[in-house]
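Morning, everyone. Have a look at it first.

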Amino acid sequence: MKKILLVDDEQDIVETLKFVLESDGYTCFCAYNGEDGLKLAKEIIPDLMILDIMMPKINGFKISRLLKYDAKYKNIPIIMLTARSQESDKQIGEETGADVYITKPFDLDNVLSTVKQLLNEKEE
Amino acid sequence: MVSDNNKKIKHYDELLTNFSHDFQFASDNQMFFDILDTVMPQIILLDTCSAQLDLPQLYRKINAIKENLVTLTILKEDKIPPELLNISDAFLMEPVSDNILISTINVNLRRKEALTRLSTSNQNLSKSLYQLDVLYNTGSQFAATLDKEKLINIMLEGLDKALGFSVACVLTFKSDNEPLLIINSINQISDRLLEALKLRAVLNYKSLFENKEMPFELNINDLKTIKYAKNPIEDYDFSVLRYDNMLAQINLSDNFYGFVEIYRDNEFTNEDTQCFHTIAQQVSMPLKNAAYVQEIQAKNKELYRLEHLKSEFVSIVSHELRTPITPLKTSLEIMLSGRAGILTPNMEKFLNIGKNNVETFQKIINDLLDMSKIEAGKMDYKFTSVNMEKAISFVKTLQNNVADEKGLKLTTTFDEDFATVFADEQRIHQVLNNLLSNAIKFTKEGGNIDISTKIINAENIKCPECFSEEIKKLKGKYVQVCVKDEGIGIEDENLAKIFDQFKQIESSLSREVGGTGLGLPIVRKILDAHNGAIWAESKVGEGSSFYFVLPVMSEKSNFWILHKQLIQQAKVNKTKFVTLTISAKGNCIENLMQENNLLSGTYLNNSLLEKDKDLTSLTMVIPDGDRHLVDFLKRKIDSVILNDKARYGKCDIIYTYTTYPKEKE
């Protein structure tokens, strides 16, 4: 079973995403702040991560950068979530190594198909 | 009279006393000098027949003081000694006739009086001139500053120059009604004099408002003082209070501002009084301006604060209102997907209603945020080359489902020529999406909607009268996009209004359709920022056509044309831009770009890859605010940015950094 790590300080978002992903057969791990997220990522080495940008302590960019510059973790695909007002973040997200960038409020089907696609690519 | 002849002295004593002149005589040199020490005679009658006198010594003495007196000389013979020519005003020959002597004395006395009067008025005139000059100078100095303290200092300087005071006291009230006494003096003010001046200031202040209400309460204990003394060694004491003094009120239009009082040890003349009051009045106008400026500055500060609050509010709204939408929408989607359990048809119906409304809500918030961003000049545009046909097809696919549900037929008619524009792709999608969703909303079921493009020259553009003003400004080649619906139509008088913010026609139309009425104003602002234009044609009951034009980017656009456009766009956006031009020989540039994964960025523009035999160049436009990308580039090709020209592998890399100053906030 594929392991997915969800990191977002908004619990409701984590909750809903977890429900959907688990009902689709993935195993989910959750963290509600950047610090825990990073710790958990290094501990479990997930198959994929869904990261929020705006978080207290360590934000999504930093986590992404730290992981992508580390040979041990750089192959973990990262989906970056953020609010629409921070459009220029998209570029930064790409720079920090996030594989896909999704704007909140997102389309559930869009998230699911992206997860599927990224995991398939990784297999290959 | 100076003479050694007693007979003559006696004769003239009698004669002149009879004519009521004051007569004194000197019969030797010493006696003459003694008299000069006590009284200065108006006329000296010098008898040069006096052999016993030391005449040359007398001449020298008279020569030294001749400015102030008239000298008449009695000569022995008809021959004037040359040393007398300079000092004597008239010569009389012996024997002197009494009548001639008297008349000579009278004539000379009158002449002297006239001269004295003339010189006095001359002196007064030059004093007035000087005061005028000072007035003029202080006047022009007043105009040069709006600082209240400086203005008071200029006034005191002017008073000092024009009138020369010993002590000047100025009483003012600061903005918080705090009384302040400024004392300028030549000598130091002693402590007990200071107390006396303070008391005096309070009394003066009260006397200015006799029987009237005072604008501010003045208590001697609250009165703060500042002292300036030119000569810090000597002290002034109470004697100053006995000096001549003048007091003038300083008014700001009808309001009391303060007063100025000056003391001088010699008396003031009428002219001095006038000059004093003029200077005190002169300072009022600039003080009034200074007060206005202060007020405006305070208001500006407040406005700036409010503006700041507003944008803060907008960002709070953006975060706080949007945050709950995500889980709300996702929850509905989860239920609709059946993951949370099987749904009855009614459950599905109502969940769909919920989902649709969440989406509408999201759209309204986005519109509001877009508008406030545009208004604050904070809308960022990322310009790239955009293919209009592609953009239209993309938006059409997005709306296809909605159109199908309503049984509408969506068609497109494209011009044979390709239409590429230099624009922000997302914003162009927004424009098209807005127009298309409006068309879908208004068209009755089973109707047709057509989107067409046409390459057109500015002078061939046709539009209704009310838009012609704006269309006239356009020049060159444009792509014209038309979204034609079969809706209810818009009345002519409302046609121009629909693009104005909050002027959404009041009719039932807007209520029927809903929305913030911001969609079209936003579209218009976006097109404005792209140097485009928008207008509409309509027939009530038949439908409307919405047209917009954008300047076409020619396929041949070379770097410099693009560069010009960039500069133009940078000015529209009021942002700083960095342009990076990288040129290299052969395929190096492509290798370099691919190696660094630079080609994936939306900032890069493939059409800018200008291939000239073996030279390739590429230009990137990076909004300056995007520090991360700049940092990224620095990291990747740091030698490029740190040095104007650097080697990167086999490539010659040149970069240009251009900035445009941000508008002052």
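Start with chain A, which has five helices and five strands. Helices (H or I, at least four residues) and strands (E, at least two) are DSSP runs, numbered from the N terminus. Read along the sequence, the chain A pattern is β-α-β-α-β-α-β-α-β-α. Chain A has 124 residues, and 54% of them count as buried. Buried means under 20% relative accessible area, exposed over 50%, and partly exposed in between, with a 1.4 Å probe and protein chains only.

Some ground rules. This is a predicted model, where local features need pLDDT of at least 70 and side-chain atom pairs count only at pLDDT 80 or more, while totals for chains, interfaces and linings use all residues. Residues are numbered from 1 along each chain as its sequence is written, chains are lettered from A and ligands numbered from 1 in the order in which they are written, and side-chain values use heavy atoms, with hydrogens and water left out.

Now contacts, meaning heavy atoms within 4.5 Å. Take those in chain A between residues at least 6 apart in sequence: 59% join residues at least 24 apart. For chain B, that share is 70%.

On to chain B. It has 20 helices and 20 strands. Of its 665 residues, 43% are buried.

How confident is the predictor? pLDDT is its confidence in each residue, from 0 to 100. Chain B has a mean pLDDT of 77, with 80% of its residues at 70 or more. Over residues 555-560 of chain B, the pLDDT is below 50, and this stretch has five contacts in the model beyond near neighbours in sequence. Residues 634-665 of chain B also stay under 50. There the model has 64 contacts beyond four places in sequence.

Next, the cores. A nonpolar core is a set of buried Ala, Val, Leu, Ile, Met, Phe, Trp, Tyr and Cys residues joined through side-chain atoms within 4.5 Å. Which residues touch the most other members of the largest one? Out of 60 residues, they are B:Met388, B:Val479 and B:Phe548. Helix α13 of chain B, residues 425-442, gives the most to this core: seven residues. Apart from it lies another core of 31 residues, including B:Ala168 and B:Phe268.

Look at B:Phe548 itself. Beyond four places in sequence, its contacts include B:Met388, B:Val479, B:Leu527 and B:Ile534.

B:Asp272 sits in helix α8 of chain B, residues 270-282. Is B:Asp272 buried or exposed? Buried, because its relative accessible area is 0%. Its contacts beyond four places in sequence include B:Lys127, B:Arg264 and B:Glu267. B:Ser128 is 144 residues from B:Asp272 in sequence, yet the two lie 8.6 Å apart, C-alpha to C-alpha.

The other is B:Asn184, in strand β5 of chain B, residues 179-189. B:Asn184 has 16% relative accessibility, so it counts as buried. Among the residues it touches beyond four places in sequence are B:Phe165, B:Ala168 and B:Tyr228.

Conventions
pLDDT is the predictor's confidence in each residue, from 0 to 100.
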